[in-house]
Amino acid sequence: MKKYRCTICGAEFEVADGEKPVCPECLMEGDVLELIEDTPAAKQETAAPAADPAALHRISYGLFVVTAQENGKDNGCITNTVAQVTSEPVQISLTVNKANLTHDMILRTGKFSVSVLSQAADFALIQRFGFQSGRDTDKFAGFADCARGADGLLCVTRGTNAVLSAEVTGIVNLGTHSQFFGRVTDMRVLNDTPAATYDYYLKNIKATPKKIGTTPEGQTVWRCVICGYEYVGDTLPEDFICPLCKHPASDFEKVTS
Ligand SMILES: Cc1cc2nc3c(=O)[nH]c(=O)nc-3n(C[C@H](O)[C@H](O)[C@H](O)COP(=O)(O)O)c2cc1C
C-alpha cells in the first residue's frame, strides 16, 4: 500500500501496490503526486495461525517452593508461576493446579510463602516438593533446611536466595488452575546466588534420564519434558495428564535411543 499527497490540492490518499496513483479530488497524475508512505506488502500480510507448544518453553520463568500451613500441617509445592504484578502495594501472582494440596491450603487460609529457588538448588529438593503430594506424605518430615517466617509459614533456606510472604487479595478461576494474587507482607534476601530459571533447571538441575527407546518387552516409552515422568505404552492417550507435574500429553515426547 502506498500513500500520496497531491501538491496541487493537498489531498492525501492511498493506492494499492501496482495501481496508478490519481488524485481523487483534482484528478491530477504524475510528478505532482508526492509519495509520503510506502508499507511493504509483507507487513500487510497476516500470518497463518500456528500452534507450536515449543514457543511456550521459550518464555522465561523462575522456580519457587510455595508453602502454606493449615491446622498445624505444613506443606509446599514447586511452581514456576510466581510473578510480581504491582508495586504499590507490592503484589505477586501465583498459579496453582487445583489437584495440588497446596492449592486447597492457600484457598482455605488466604496465605502463602514463596521461597525463590537459586542455582544452588539440587534435584532432591525439587523431588521432595514437586514430585510427591502432601496428601500422601509429610514433605517437611526430616527436612532441616527450613525456617518459620513472621507469617508463621515454613520457608526453604537451602537452595534458595529470597523469601516472600503474601496474603491473598484475589483469586481467578482458570479451570484446571487457580491464579492467586497476594499482597506481599514480608520479603527478604537470603544470599546472592543467582535465581534458577526454569530453563536452568531443565539444563542443569533436572536429572537426565537415560536414553531408552522401548522397554525390554518392546513397548514405547513417553517422557514428560517438564518433570521427566515416563509413561510406557504404544500410544499415549490424548487426554493423558502427567501424574507428577500435571502437564498434558502435548508435553510428552517419544523417547528414542
Ligand atoms: C519443575 C516443576 C514445576 C512445576 N510448576 C508447577 C506450577 O507452576 N503450578 C503447579 O500447580 N504445579 C507445578 N508443579 C507440580 C507440583 O509441584 C506438584 O504437583 C506437587 O507434587 C504438588 O504437591 P502438593 O499436592 O503437596 O501441593 C511443578 C513441578 C515441577 C517439578
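Which residues are buried in helix 2 (residues 101-109)? Select the helix and colour Thr102, His103, Met105 and Ile106, for these are the buried ones. Here a residue is buried if 20 or more other C-beta atoms, placed from the backbone, lie within 10 Å of its own. Helices are DSSP runs of H or I with at least four residues, strands are runs of E with at least two, and both are numbered from the N terminus. The four residues are on the same side of helix 2, because they cover an arc of only 170° around the axis (the arc of the directions from the helix axis to the C-beta atoms).

Before moving on, note that this is a predicted model: local features need pLDDT of at least 70, side-chain atom pairs count only at pLDDT 80 or more, and totals for chains, interfaces and linings use all residues. Residues are numbered from 1 along each chain as its sequence is written.

Next, show what the buried residues of helix 2 pack against: strand 4 (64-70), strand 5 (73-79), strand 7 (91-97), strand 8 (111-117), strand 11 (160-173) and strand 12 (177-189). Then click on Gly110, which follows helix 2 and has a positive phi, near 70°.

Now for the largest nonpolar core, with 33 residues. Such a core is a set of buried Ala, Val, Leu, Ile, Met, Phe, Trp, Tyr and Cys residues joined through C-beta atoms within 7 Å. Select Phe64, Val65, Val66, Leu94, Phe112, Val114 and Leu117, which have the most contacts inside this core. Among the elements that each supply at least two of its residues are helix 2, helix 3 (123-130) and strand 10 (154-156).

Zoom in on Val65. Beyond its neighbours within four places in sequence, Val65 is in contact (C-beta atoms, placed from the backbone, within 7 Å) with Gly76, Ile78, Ser115, Leu117, Phe129 and Val156.

Move on to the ligand. Of the 22 residues around the ligand, Asn100, Thr102, Gly130, Ser133 and Gly134 come nearest; a residue counts as near if its C-beta atom, placed from the backbone, lies within 6 Å. Strand 5, strand 7, helix 2 and helix 3 each give two or more residues to this shell, and strand 5 gives the most, with 4 residues.

Finish at an open sheet of 3 strands in the order 2-1-3, with antiparallel pairing (strands pair if DSSP finds at least two bridges between them). Strand 2 (12-15) and strand 3 (33-38) stand at the edges, each with a single partner strand, so one side of each has no neighbour in the sheet.

Note on methods
A residue is buried if 20 or more other C-beta atoms lie within 10 Å of its own, exposed if 12 or fewer, and partly exposed in between; C-beta atoms are placed from the backbone. Two residues are in contact if their C-beta atoms, placed from the backbone, lie within 7 Å.
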